[in-house]
Amino acid sequence: MGAGLLPGAPGTWGSLAALPCAWALVWFGGKIALAGAALVAFGLGCWASGVASDGKDPGWIVIDEIAAQWLVLLAAPLDWRAYLAGFLLFRIFDIWKPFPIRRVERAVPGGLGIMLDDVLAAIYALVPLAIGEGALGVRF
C-alpha cells in the first residue's frame, strides 16, 4: 500500500503500517485472525516478492516486515505500550540480524529468503516480549 516507497527506512515504515492493521485484526477477530493474516501474508509474500525482485531483498518490498511484525504482536496484549515494545524489538532484531538470520538471508534464494529472515527476526523479538508479558508478570 505504498509504505515501502516512503523515504528513509522502508522496513520501518512497513512495520509501522502493520501496527494499526494488527490492532484492527485483533479487535475484530482476535489473535486467531492475526495469526491467520500473518500466515496468509507470509505465503503471498513468498510468491509476490519472488516475482517482483531479482531474488535480493529490495527495500520497497515490505510484506516481509508486515508478516513478521504481525507474528511478533501475537505475544502482545491489545495495548499501545505492548505494540510499541513489539515494534521496537522487531526493528532491533531485523536490523541487527543476529545468528543465524544473516546466514539465512544470504543462503535462501528468492521470495522465501526475503520472507524468512524477517520471520526469524520476529521470533527473536517475540521471545523477550512473551517472557516480559507472561513469565515475568510485566503488564503493559
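This is a predicted model: local features need pLDDT of at least 70, side-chain atom pairs count only at pLDDT 80 or more; totals for chains, interfaces and linings use all residues.
Local features are described at pLDDT of at least 70 and side-chain atom pairs at pLDDT 80 or more, while totals for chains, interfaces and linings use all residues. Numbering runs from 1 along each chain as its sequence is written, and side-chain values use heavy atoms, with hydrogens and water left out.

The second largest pocket has a volume of about 150 Å³. On a 1 Å grid over the protein atoms alone, a pocket is an open set of points where a 1.4 Å probe fits, with protein on both sides within 12 Å along at least five of seven lines; lining residues have an atom within 4 Å of a point. The lining comprises 15 residues, and G11, D57, E65, D94 and K97 lie nearest the centre. At least two residues each come from α1 (10-52), α2 (63-73), α3 (80-96) and α5 (110-135), with helices being DSSP runs of H or I of at least four residues. The largest share, three residues, belongs to α3.

Between α1 and α2, the loop contains S53. A polar atom of the S53 side chain lies 2.6 Å from the backbone oxygen of S49.

The model has zero disulfides, a disulfide being a pair of cysteine sulfur atoms within 2.5 Å. For C21, the nearest cysteine sulfur is that of C46, 19 Å away.

Conventions:
Grid points are joined across faces, edges and corners, and a volume is the space filled by probe spheres set on the points. A polar contact is a pair of N or O atoms within 3.5 Å; within protein, one must be able to donate a hydrogen and the other to accept it, and residues adjacent in sequence count only if both atoms are side-chain atoms.
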